[in-house]
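Please keep the model in view while reading.

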There are 2 protein chains.
Amino acid sequence: MAVDEGEMGAGAGRSERKRQAVLAAATQTFLKSGYLGANMDEIAASSGVSKQTVYKHFGSKEALFIEIVTSMTGAADIRVHTAPADPETAEALRQFLFDYAYRQLKVVMTPALMQLRRLVIGEVSRFPDLARVLYERGPQRAMTVLSGIFGRLDARGLLNCPEPQLAATTFNWLAMAEPVNRAMLLGDGELPTDAQLRAVATEAVRVFLAAYGRS
Amino acid sequence: MAVDEGEMGAGAGRSERKRQAVLAAATQTFLKSGYLGANMDEIAASSGVSKQTVYKHFGSKEALFIEIVTSMTGAADIRVHTAPADPETAEALRQFLFDYAYRQLKVVMTPALMQLRRLVIGEVSRFPDLARVLYERGPQRAMTVLSGIFGRLDARGLLNCPEPQLAATTFNWLAMAEPVNRAMLLGDGELPTDAQLRAVATEAVRVFLAAYGRS
């Protein structure tokens, strides 16, 4: 195969722009039509490239969808896991937990991420890798980060959680379970308002600290 | 239309048997092939009736699937909501909560119910009614029953939950969230063992009573 123009100079920028255009168009198409319903011709047409270019960049329909799942969950992960996590007092801990839960809810409870989650759940038996990527980038990533934080807070006497991973699992789902599962089954008409997200985060923190707090 | 043989005498039993045969075959087919993939010809063939008979009993593919969702969730509901719920001491309350959570996990965490849940989630945008039936018969039903129980326990001073519905939501997801969401995304290879279900139920009760118990 000849050296692709995308591999050097100005061509590299053009190639990357094409890649991003395909990714954006494909995201829309998959979210609208589902995995099986998504059409590679339609994705090529709506991103203004040839179908050959789509395959050159992404290899296959499955690889393209995995890239979308990776990209969307990666973007969400970066937005959730930002704050420095080193509360030193009980009050700072409460605030940290509230901020974390509220931020996670704000980032995750969006029509696009909820629809992505529905899509990959619907395809678990055919394409288990898609759902595994979503699980690892979503709940598992959150629980791993929290587990590390909770382990340090336990060592410093701010939490009482000899099994930080269990505490992280509990906290993650105290905040996320009801809104996510409601949206999964009842659709985007049931996405919570900002006030509801704050109430969920507040109660999650209260219940969590009653079970794992000190004092 | 002529009077159907199924409407009288021995014919009624035969008609009901045919209906049950179609329902059983259709359940297998939908769980295996998904909603769009399920084929009415195949369902008729594997239940040993004509396609006309399938439509006579169930009207349409969507109505047949709603009947399956209703039937499977109804059967699960009956198995979960059996025990008389009138604990009179803190220890009896703890035992009641454990038994409830463990029973609910045992009934719900099965390959068939998890696959049904994946299916309807995957079809939410096309067939919102299917998912609504599952939500109402599943989590919502559990939370309504628990809310009634928790309200009485609050009035009798065994729980401290002025908002029993909130407490019911918390307890339901403390037990169900991690196993259900893990199975949704990671498939039936991740269904918990009996020992894991007991551990989840035990921790759910501990966290719940720390936040909503008296003492």
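Helix axes are lines fitted to C-alpha atoms over the stretch in contact, and angles run from 0 to 180 degrees between N-to-C directions. Helices themselves are DSSP runs (H or I, at least four residues), numbered from the N terminus. The model is predicted: local features need pLDDT of at least 70, side-chain atom pairs count only at pLDDT 80 or more, and totals for chains, interfaces and linings use all residues. Residues are numbered from 1 along each chain as its sequence is written, while chains are lettered from A and ligands numbered from 1 in the order in which they are written.

In chain B, helix 8 (residues 164-186) packs against helix 9 (residues 194-212) at an angle of about 155°, and their axes are 9 Å apart. Helix 8 of chain B and helix 9 of chain B are therefore roughly antiparallel, a term for angles over 145 degrees. Their crossing is right-handed, that is, the near helix is turned clockwise from the far one by less than a right angle. Residues are in contact if their C-beta atoms, placed from the backbone, lie within 7 Å. Helix 8 of chain B contributes residues including F171(B), L174(B) and E178(B), and helix 9 of chain B contributes, among them, V200(B), F208(B) and Y212(B). By class, this contact has eleven nonpolar, one polar and one charged residues. Here Ala, Val, Leu, Ile, Met, Phe, Trp, Tyr, Cys and Pro count as nonpolar, Asp, Glu, Lys and Arg as charged, and the others, Gly among them, as polar.

Chain A is divided into domain 1 (5-59) and domain 2 (65-212), with bounds from an automatic or database domain assignment. The centres of the two domains, taken over C-alpha atoms, are separated by 31 Å. Eight residues of domain 1 of chain A are in contact with ten residues of domain 2 of chain A. On the domain 1 side, helix 1 (residues 9-37) of chain A gives the most, with seven residues.

Between the chains, 28 residues of chain A are in contact with 28 residues of chain B. Helix 8 of chain A gives the most to the chain A side, with ten residues. That side divides into 17 nonpolar, five polar and six charged residues.

Notes:
Contact = placed C-beta atoms within 7 Å. Helix = DSSP H or I, 4+ residues; strand = E, 2+ residues; numbered from the N terminus. Parallel < 35°, antiparallel > 145°, perpendicular 65-115°, else oblique.
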